[in-house]
Amino acid sequence: MTRSLFSFLSRITAPFRAAYESLPPPVRRWTMPVLLIVFFIIALFAPSFVNLYWQQVLIYVGINIILTASLNLVNGYMGEFSVGHAGFMAVGAYVASILTVWVFPRWGLGEYIPYLFPLALLIGGLAAGLTGLVIAFPSFRTRGDYLAIVTLAWNMIVKSVLENIDAIGGPRGFMGMQKLTSVAWVYVWVVITIYLLRNLVYSNFGRGTLSIREDEIASSLVSVDTRKVKITVFVVAAFFAGIAGGLFAHIIQFINPRSFSILKSTDVLVMVYLGGIGSLGGSILGATVYTVLLELLRPLQVWRWVVGPLLLVLLMIFRPYGIMGMREWRFMVPREERIETIAALMERIRRKREAVAAPAPVGGSSD
Amino acid sequence: MPVLQIRGLTHYFGGLRAVYDFNLDLEPGELIGIIGPNGAGKTTVFNLITGVYRPTEGEIFFNGHNLVGKRSDQIVSLGIARTFQTIRLFKNLSVLDNVRIARFARMSYGVPAAMFRLPKYVREEAEARERALELLELMGLSEQATWVASSLPYGMQRRLEIARALATEPRLLLLDEPAAGMNPGEIAELMELIQWIRRRFDLTIILIEHQMRVVMGICERIKVLDFGETIAEGTPAEIQNNPRVIEAYLGEEAVV
C-alpha cells in the first residue's frame, strides 16, 4: 500500500519535476530558497485568510514535524527505540514558559517578550538536551530494549515530577503564556530544524548513526565512536523536542503534565513509523498526514485515540519502513551528495587515475 | 621493532578455553597466516586484538600502544583494520557510504560544524568523498559507488569490505577468511589482490584461513592453532610436513 502510495506521489509530482529539471542551473540553484521565502510570506499573512481553527492545525502540523523528524533520528536513523519523546517536550515547554511568564517580566523585559521568544525556545531546547544527556549516559551502556524501558520510565518520571512541583502548578498545570506561536514562527522553526537535521544526517555523524543501526559491532570496528554518536544523536533529538515543546506551550497557552504523557509520545512514534524511518521527507509527510487525519476524525470523539496505537501496530506488522522508509525527496539531498554529482566526481577520479597508476588486479567485473 | 607484539594471550568463554598462551611478533610488512580447524580460536584472536573481547590474560602491543582495555574504535584509529568471516557490510547503505563511514575517526569536525555547514565540514567532507571514491576506483568498484551494498554480487561485497577496511588507513590489516565461499578462480584473484594491496598501501597483514592451500601460496610465515593452542609455527614448507598439523587436519577430516 505504501509503496503504491509512494509511486502515486512521484507520479503526480512528475510534471513539476520535469519542469524543474528543464530550468537552467542558476535558476534551479535558487528555486528552493525562493520557494521557502514565498512560503514564509504566505505563512506571515496566514492569519488574514485562514481561520483560527485551521491556523492552529497548521501550527500543530509544524510542531509535530519537528517532533517527528527529531525522533526519527533516534528511532529511524539509529534504529534504537526511544519512547519518551514527550518527556523532553515537557522540559522544553515548562522551561520556555517559565522564562516568558516569570523570568523575563521580572527582569523588566515584559514588553520585549515577543522578541525574546526565540531565546526562550532555545533555552528550553538546551534544557531538554541536557536532560537528554543525563538519560543517554546510562542508557547507552547497553543496547536494545533497554533504551525503550529507560525512556518510558523517563516519560513517567517527568510527568510525576511536574505533577508534584506545586510552584509550577502541579497537576493543575501552568498558564499565563502569551500566544506567541504563530504560523510564521512555526514555519521558520520547521525549516531551521529540517535544514539542520538534514545537514547532520548527511555528515560523518549521520553516517555513523546509520551504521549503528546496520551493525553496531562492525561500526565500531571501522572506527566509529559508537558511544559518542549515540549520545550526540540522542541529545540533538531531545533538543529539538524541547523546541517543539516551547512552541506548543505558546500556542495552547496552558500546559499541564498530562499533555506530555506517554500518549503524546505514542503519537510521535506513530508519525515516525507512518512517514518512514530514516527519512526526513517521510517525517514531514507522516506528521502532516497523521495530524490532519486526527483532526478529520474529531467526530469519532474518544475513539479517535484508538487510531494512533492501532495504526502503530498495523504499521509495525505490515509496513515497518513506512511511506518513505529509507528514501528521501531529491530536493532534501544536499547537491554534492546527489547521484549525478557523485557519478561526475567518480568519472573525474577515474580519468585522473588512468593517467598515473594501475588499479587493483580484480579482473573487471567477471563476477 | 615489531609492529605487533602479543604475549601470553589467553581467553576463556566461561569454562571454555578459546585461546591459550598465544604469542606473536610481527615485523613491518610481514604477511603471516593463521590456520587451524574450525573452532581453533583464530577469529577469537582477531576479536581480542580489535577489542571486541577483553582478554582474560595477556598483553597486546601495537606500535608501542597497549591495546588491552581500549575500545574497538580507538584501536582501529591507531591503525588496525579488519574484515569479517561472514561479510558484515552496512547492507542498506550505499557502497560509497560504506567506505566513508570507515573514515569516521579521520574527520574532526563537530556537530555544530556539520549542522551549519561550516568550512571545516565542507572541506573534510569533500576530502572524505574523494578519498572514498579513489579507493573504490582502485578496488574496481567505481561503477557501483551509488549502489546499495546488498545489491553487489558476492565477490564485490568481499572487495568492498576490504576497501572499507583500507579506508580507515590501517598499518595492520586483519583478514578473516576472505576466501570463504569463493570458487577457485575467485580465490586466485583474491590472493593476487591481497599481495597487491599489501604493496600499494604498505601494509602488514595477518590472514586467517581455514583452507591451508590458500595461505601456503602467499604467506611467509604460518601459525597453526588447534583448540586455542599454537601447535606449530614456521614457513609454509615446514608447516606442510609437520606431523601435529597433519594430525589436527586429518582428525578434523575424519570427523567430517
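Reader: What makes α1(B) mostly covered?

Author: Eight of the eight residues of α1(B) are buried. A residue is called buried if 20 or more other C-beta atoms lie within 10 Å of its own, exposed if 12 or fewer, and partly exposed in between, with C-beta atoms placed from the backbone. The buried residues are B:K42, B:T43, B:T44, B:V45, B:F46, B:N47, B:L48 and B:I49. Please keep in mind that this is a predicted model, where local features need pLDDT of at least 70, side-chain atom pairs count only at pLDDT 80 or more, and totals for chains, interfaces and linings use all residues. Residues are numbered from 1 along each chain as its sequence is written, while chains are lettered from A and ligands numbered from 1 in the order in which they are written.

Reader: Why is α1(B) called a helix, and which strands does it lie across?

Author: Helices are DSSP runs of H or I with at least four residues, strands are runs of E with at least two, and both are numbered from the N terminus. Helix α1 of chain B covers residues 42-49. It lies across β1, β2 and β4 (57-62) of chain B, at about 65° to β2(B). α1(B) also lies across β3 (31-35), β6, β7, β8 (204-209) and β9 (221-226) of chain B, at about 145° to β7(B). Such angles run from 0 to 180 degrees between N-to-C directions, and the axes are lines fitted to C-alpha atoms, for helices over the stretch in contact.

Reader: How do you know that β1 and β2 of chain B pair?

Author: Two strands pair if DSSP finds at least two bridges between them. β1(B), residues 4-13, and β2(B) have seven bridges, in the antiparallel sense, so they meet the definition. One bridge partner of this kind is B:V19 in β2(B), which faces B:H11. These strands belong to an open sheet of four, in the order β2-β1-β4-β5 (chain B).

Reader: What makes β6 and β10 of chain B edge strands?

Author: The sheet here has six strands in the order β6-β7-β8-β3-β9-β10 (chain B), with mixed pairing. β6 (80-82) and β10 (229-234) each have a single partner strand, so one side of each is left without a neighbour in the sheet.

Reader: Why is α11(A) called oblique to α12(A)?

Author: Helix α11 (residues 262-275) and helix α12 (residues 280-296) of chain A pack at about 125°, with their axes 7 Å apart. Angles under 35 degrees count as roughly parallel, over 145 as roughly antiparallel, 65 to 115 as roughly perpendicular and the rest as oblique. That is why α11(A) is oblique to α12(A).

Reader: How many residues of each class are in that contact?

Author: The contact of α11(A) with α12(A) has eight nonpolar, four polar and no charged residues. Ala, Val, Leu, Ile, Met, Phe, Trp, Tyr, Cys and Pro count as nonpolar, Asp, Glu, Lys and Arg as charged, and the others, Gly among them, as polar. Two residues are in contact if their C-beta atoms, placed from the backbone, lie within 7 Å.
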